[in-house]
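Please read the points below with the sequence and the model open side by side. They move from a single residue to the whole chain and then back to particular elements.

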Amino acid sequence: MSRPNVLEAMAALQDHARMLRTQRTTELFAADPGRFANFSVALDDFLFDFSKHRVTRETLGLLIALARAADVEGRRAALFAGEPVNSTEHRAAAHMALRDLGQGPLLVGGEDVRGLVAQERARVYDFARAVRSGALRGARGEPFSDIVNIGIGGSDLGPAMAARALSPFTAGGPRTHFVSNVDGADLADTLKTLDPARALFIVSSKTFTTQETMTNAQSARAFIVEALGEAAVASHFAAVSTRLDKVAAFGVDVSRVFGFWDWVGGRYSLWSSIGLSLAIAIGPEHFTEFLRGGADIDAHFVEAPLERNIPALMALIGVFHRNVEGRAAHAVIPYDQRLARFPAYLQQLDMESNGKAVARDGGVAEFATGPIIFGEPGTNGQHAFFQLLHQGTDVTPIDFLVAAEPIDADAHHHALLFANCLAQSEAFMRGRTLGEVKALLAAQGLGAAEIEALAPHKVFSGDRPSSVLLYKRLDPRTLGRLVALYEHKVFVQSVIWDINPFDQWGVELGKELANRLAPIVENASAPLDALDGSTAGLIRWRREAERG
Ligand SMILES: O=P(O)(O)OC[C@H]1O[C@](O)(CO)[C@@H](O)[C@@H]1O
């Protein structure tokens, strides 16, 4: 679909950016003492600071014009109205309905789903309470000390990320484990730590066909059968899926099967029954707080004008870097060790959503789309890949995430953590010129020749953009806010790029080929002639290695 208004708005931004590049961000701060206030947005105790991006009020005006030209507001309304915005699968993307704790109707495809959602959530909560209290027990009458979620992608990353992030809120709950990889080492290493009589497995899969999950589930089943007998399976397994027919065939007791709906995408499913392992870990009350955090952001996203709308601004700043400045990657660095899995979670959310080259109408996307998302907690990343971020040939925009106060950590540690976060953000913006380096080296007493040789290596170009998301503390509500913020950021970007963020056809080909290759790999005499030379050669090597 040709979008002349959008192309025009993007061209205007590109013209504007050419002028902007003659200025340094530090000069923008010097010229505007109110820059921090003007280029940050607070949502009660939550702050988004984007003042260290080289953007002006004019840039923001042009970005908002771009968003309006792409009809971000109209598409947002369609999303929240439960329309089938996932056009290739003819589905709504109504994950917001799962965290709406209000009273009014929740329309998805014209149907009010509030009752359905509330009913399933109540079942999840009852089950979580029963496991936590010990009312629900294993086949030998023992309470469950360990919960193992078996899932992958959206059926793993969300609960795994959140259970780690919210570990201070798990008192009174069992230990939780997450097994995802078809690599048997993943399951084996977990099973080693378990007493089967006290272990509960939750098989989480939207489709209940995913190779990794089904394979791990069967092996876990064998582990229980071997230790406790076939009859114990019903007591030691629960399942979460949209395909209740397939779960029944696996043998999970129907009272322990929790459903959700096709209008909940895998990477948006943490809010649904897929959050069962998290609900058990932190308890229903904390889980509700997590939902409330998501709902806070939904309300903000719908109500705040684009100029003060945090997810919209995050998205637009990202579009500026991706499409105007040509940045191919985006780093997310939580200065919060418990958010260690947050970058991995965002990789799926962002890259599976916006990693597309095809426009909604099947044509070629007009612009470069989703960047490569990566990250690790600070300060660890500082001692690993920050060298490239500071001095590499590519500029990578960064989101820093940090709490104003720790949940339970030592105040001195937190002060150092916080200082490091701000120091990095400042260093990326400020940089250090050749003149400054030379003056520093001279002050250290180095000779002229040595200064000439060393100085270029110590220069930092600066003007490397970063945002800071500053939250009070990493509690369930804050985590809900963080997740929902990024969900809506990804959505706004998809609208500007005119792609469907809710499908993921790009994962299919590999799955198909793996299913075709698996029997060939397993059968040492299967012919290899139909395979390409490299694949056949690699299988031959494996066969030879196996033969010793
Ligand atoms: O929940 P399921 O159906 O097992 O799928 C797991 C994951 O696989 C994908 O379909 C593709 O990798 C993801 O979108 C999904 O979250």
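Is Ala11 buried or exposed, and how many other C-beta atoms lie within 10 Å?

1. Ala11 is exposed, because 10 other C-beta atoms lie within 10 Å, and the cut-off for an exposed residue is 12 or fewer. Please keep in mind here, and in every point that follows, that this is a predicted model. Ala11 belongs to helix α1, which covers residues 4-20. Although Ala11 and Leu66 are 55 residues apart along the chain, their C-alpha atoms are separated by 9.8 Å.

2. The overall picture comes next. The protein chain contains 22 helices and 13 strands, and its C-alpha atoms fill a box of roughly 80 × 65 × 55 Å along the principal axes. A compact globule of 548 residues would have a radius of gyration near 24 Å, so the 26 Å of the protein chain agrees with that expectation. Buried residues make up 45% of the 548 residues. Among the contacts with a separation of 6 or more, 77% are accounted for by residues 24 or more positions apart.

3. How is the chain divided into domains? Domain 1 is made of the segments 4-69, 304-430 and 464-503, while domain 2 covers 99-288 and domain 3 covers 508-547. The C-alpha centres of domain 1 and domain 2 lie 33 Å apart, and 19 residues of domain 1 are in contact with 19 residues of domain 2. On the side of domain 1 that touches domain 2, helices α15 and α20 (476-497) each supply at least two residues, and α15 gives the most, with seven residues. Sorted by class, that side of domain 1 has 12 nonpolar, two polar and five charged residues.

4. UniProt, in an unreviewed entry, places the feature "active site" at Glu352, His383 and Lys511. These positions are spread over 160 residues of sequence, and they are also spread in space, with up to 36.1 Å between C-alpha atoms. I would ask the reader to treat the label as coming from the UniProt record.

5. Two of the annotated residues can be set side by side. Glu352 sits in helix α15, which runs over residues 342-354, and Glu352 is buried because 22 other C-beta atoms lie within 10 Å. Leaving aside residues up to four places away in sequence, Glu352 touches Arg267 and Gln504. His383, on the other hand, is found in the loop between β11 (372-374) and α16 (386-391), and His383 counts as exposed because it has 9 C-beta neighbours inside 10 Å.

6. Where is Phe367 placed, and what does it touch? Phe367 lies in the loop between α15 and β11, and it counts as partly exposed because it has 17 C-beta neighbours inside 10 Å. When residues up to four places away in sequence are not counted, Phe367 touches Met10, Asn323 and Trp497. Phe367 and Arg322 are 45 residues apart in sequence, and their C-alpha atoms are 9.0 Å apart in space.

7. Strand β12 (residues 398-403) is mostly covered, since six of its six residues are buried. In a regular strand the side chains alternate between the two faces of the sheet. In β12 both faces are covered, for Ile398, Phe400 and Val402 on one side and Asp399, Leu401 and Ala403 on the other are all buried.

8. Which strands pair with β12, and in what sense? Strand β10 (residues 329-335) pairs with β12 in the parallel sense over five bridges, and the bridge partner of Tyr335 in β12 is Val402. Strand β13 (residues 466-471) also pairs with β12 in the parallel sense, over six bridges, and there Asp399 stands opposite Ser467 in β13.

9. Another parallel pair involves strand β6 (residues 175-179), which pairs with strand β5 (residues 146-150) over five bridges. Val148 stands opposite His177 in β6. Strand β6 is mostly covered, with four of its five residues buried.

Notes
Residues numbered from 1 in each chain as written. Predicted model: local features only at pLDDT ≥ 70, side-chain atom pairs only at ≥ 80, totals over all residues. Buried ≥ 20, exposed ≤ 12 C-beta atoms within 10 Å, placed from the backbone. Pairing = 2+ DSSP bridges. Rg over C-alpha atoms; globule rule 2.2 N^0.38 Å. Contact = placed C-beta atoms within 7 Å. UniProt positions renumbered as here; feature names shortened; annotations may be inferred. Domains from an automatic or database assignment. Nonpolar A, V, L, I, M, F, W, Y, C, P; charged D, E, K, R; others polar.
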